[in-house]
Amino acid sequence: MANGPAPTTVSQVAVTTGTALKTMLQVKLGGSTNQTAKIVEWGISFDGSAAATPIAVELLTTGTVKATITEFVAADIINLTDPNAAAVTDDFPFAFTAAGDESGYTATAEGTITATRMFDVQYIAPTNQYVKQFPLGREPMFRGDEYLRIRVKAGAAVNCYCYLIIEV
C-alpha cells in the first residue's frame, strides 16, 4: 500500500510533506484486536531538487490514537502474493479497516498521541530515498488495536512517495 490512491490511468500521486509533523500513511488491521501483522518492508522517497535540511522520518505505532486521513478504497491495497486475489477488504486474512479514518494516507490532523512504539527512524535528504527490508525473523509486528504510521517532518515542503509491505 502506498500514500495515495492506486495508480490507474495516471501515475502514483505524490503528497506534499509540509513543515509540521504529518502522517503520510496509516494502517489499522481489521477484525480482532489480537490480530497481528509483520512489517516486511517499507520505503520513502522525496522529490527535492537541492540539498537542504534532512527530513525526519518515522515508522511507528501510535497505540489507539489515529490520525485523520484520506481513507483507502479496496483497490488501493494490493495483494502481492496472489495475482488472482480479489481486492483487499475487511475480510480476513487480508483485513485492513478503511472506514472511519482507520487506514489511508495524507493526514490532516495527528490526534493527541500519548504512547508510541518506534520501529525505524531516519533523517533523509529531501533529494533522496530510503528502503528498509527487515531481516527474516526480525520483522516488527503490530496488533489490531494499534495504528501503524509513516510520519515525516520537513524543514521545507517537498513531495513524497511512501509505501508499506505487510504480511498478515
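**Entry 1: ground rules.** The model is predicted, so I took local features only at pLDDT of at least 70 and side-chain atom pairs only at pLDDT 80 or more, while totals for chains, interfaces and linings use all residues. Residues are numbered from 1 along each chain as its sequence is written, and side-chain values use heavy atoms, with hydrogens and water left out.

**Entry 2: the count.** I looked for salt bridges (a side-chain nitrogen of Lys or Arg within 4 Å of a carboxyl oxygen of Asp or Glu). The count comes to six salt bridges.

**Entry 3: Arg-117 and Glu-146.** I found a salt bridge between these two side chains, at 2.9 Å from N to O. Arg-117 sits in strand E7 (residues 117–124) and Glu-146 in the loop between strand E9 (141–143) and strand E10 (148–153), so the pair ties together parts that are 29 residues apart in sequence. Strands (E) are DSSP runs of at least two residues, numbered from the N terminus.

**Entry 4: Arg-143.** I noted a salt bridge from Arg-143 to Asp-145, with the closest N and O atoms 2.9 Å apart. Arg-143 also meets Glu-146 in a salt bridge, at 4.0 Å from N to O. I then saw that Arg-117, Arg-143, Asp-145 and Glu-146 are linked in a network.

**Entry 5: buried or exposed?** I used relative accessible area: buried is under 20%, exposed is over 50%, and partly exposed is in between (1.4 Å probe, protein chains only). Glu-146 is buried at 3%. Arg-117 is partly exposed at 33%, Arg-143 is partly exposed at 38%, and Asp-145 is partly exposed at 25%.

Key. Helices (H or I, at least four residues) and strands (E, at least two) are DSSP runs, numbered from the N terminus.
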